[in-house]
Amino acid sequence: MKRFYKTATVGPADGGYQVQLDGRPIRTPAKAPLLLPVEGLAAEIAAEWDAQGETIEPATMPFMSLASTGIDRVTPQRDAVIDQIAAYGGSDLVCYRAEAPADLAERQRASWQPLLDWAEGRFDARLTVTAGIMPAVQPEPALRALRLGVAGYDDFVLSGLYQLTTGFGSLVIALAVAEGRVDPAKGVELALLDELFQVERWGEDSEAAARREALARDMENAGRFIAMCRV
């Protein structure tokens with residue numbers, strides 16, 4: 001789509017803020033009003049629109065995308081989205097440890113166990129850890145507690161949390177980022193611990209490195225989006 005406006009500005013609206021293109025309020029892809037909860041987020045989205053060249057590139061507007069997802073996809077099916085996010089707790093990455101080599105197993109324990117301890121204290125969710133490939137059956141009280149924690153977030157935060165959870169493959173790491181326990185870059189390091197261990201041993205692969213860089217950008221954007229929404 002060609003650029004059809006000159007400037008993007010931010011203005012107050014009933015219950016929040018809106019972004020205007022040449023004075024006309026933006027709508028989401030589903031044509032809903034883009035009503036934003038905080039001025040800082042509206043300013044970021046306005047900056048994304050202002051940064052567009054002659055052609056509008058939606059892929060370069062992550063905050064617009066996350067906000068629209070919160071309105072168009074999370075709000076109409078909130079319970080389903082909560083269930084999808086919370087389901088990651090049943091097979092969370094940080095609950096599965098290597099049996100060998102010993103130095104990888106120790107790195108996993110040292111890196112992941114503090115997150116599990118934190119999740120138990122923060123959400124009253126004590127998850128079971130297992131070694132090897134056999135699945136661990138997580139306690140129902142822990143899974144209910146994690147779902148309750150996820151359900152406590154608003155629709156905008158859930159949009160960012162969904163991206164973090166699916167990107168990391170871990171609800172625990174995603175929650176730690178959402179709650180400010182770790183930053184998004186550390187979250188990527190924790191989620192890719194096994195892969196980075198292999199890189200140290202066998203060297204870098206250019207395609208894998210590019211994939212990690214893309215993941216890091218997406219997780220940084222999702223983390224920043226959540227932080228702005230929770231101000």
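How many aromatic pairs does the count come to? I went through this predicted model and got four aromatic pairs.

**Tyr5 and Trp49**

I started with the rings of tyrosine 5 and tryptophan 49. Their centres sit 5.7 Å apart and the planes make an angle of 70 degrees, so I put this pair down as edge-to-face. That call rests on the cut-off, since planes over 60 degrees apart count as edge-to-face.

Next I checked where the two residues lie. Tyrosine 5 is in the segment before strand E1 (8–13), while tryptophan 49 belongs to helix H1 (residues 39–50), so the pair ties together parts 44 residues apart in sequence. I also looked up burial: tyrosine 5 and tryptophan 49 are both buried.

**Phe63 and Phe225**

Then I turned to phenylalanine 63 and phenylalanine 225, an aromatic pair that is stacked. I noted 6.5 Å from centre to centre and 20 degrees between the planes.

Phenylalanine 63 is part of helix H2 (residues 62–74) and phenylalanine 225 is part of helix H10 (residues 206–229), so this pair ties together parts that are 162 residues apart in sequence.

Are these phenylalanines buried or exposed? Phenylalanine 63 has 3% relative accessibility, so I logged it as buried. Phenylalanine 225 is buried too, with a relative accessible area of 0%.

**Cluster**

Back at tyrosine 5, I followed the ring pairs and found that they link Phe4, Tyr5 and Trp49 into a cluster.

**A charge over a ring**

Last entry: which residue lies over the face of phenylalanine 123? I found arginine 122 there, at 4.6 Å from the ring centre.

Definitions and conventions
Residues are numbered from 1 along each chain as its sequence is written. This is a predicted model: local features need pLDDT of at least 70, side-chain atom pairs count only at pLDDT 80 or more; totals for chains, interfaces and linings use all residues. Side-chain values use heavy atoms; hydrogens and water are left out. Rings of Phe, Tyr and Trp (its six-membered ring) pair if their centres lie within 6.5 Å; planes under 30 degrees apart count as stacked, over 60 as edge-to-face and the rest as tilted. Helices (H or I, at least four residues) and strands (E, at least two) are DSSP runs, numbered from the N terminus. Buried means under 20% relative accessible area, exposed over 50%, partly exposed in between (1.4 Å probe, protein chains only). A charge sits over a ring if NZ of Lys or CZ of Arg is within 6 Å of the ring centre and within 35 degrees of the ring normal.
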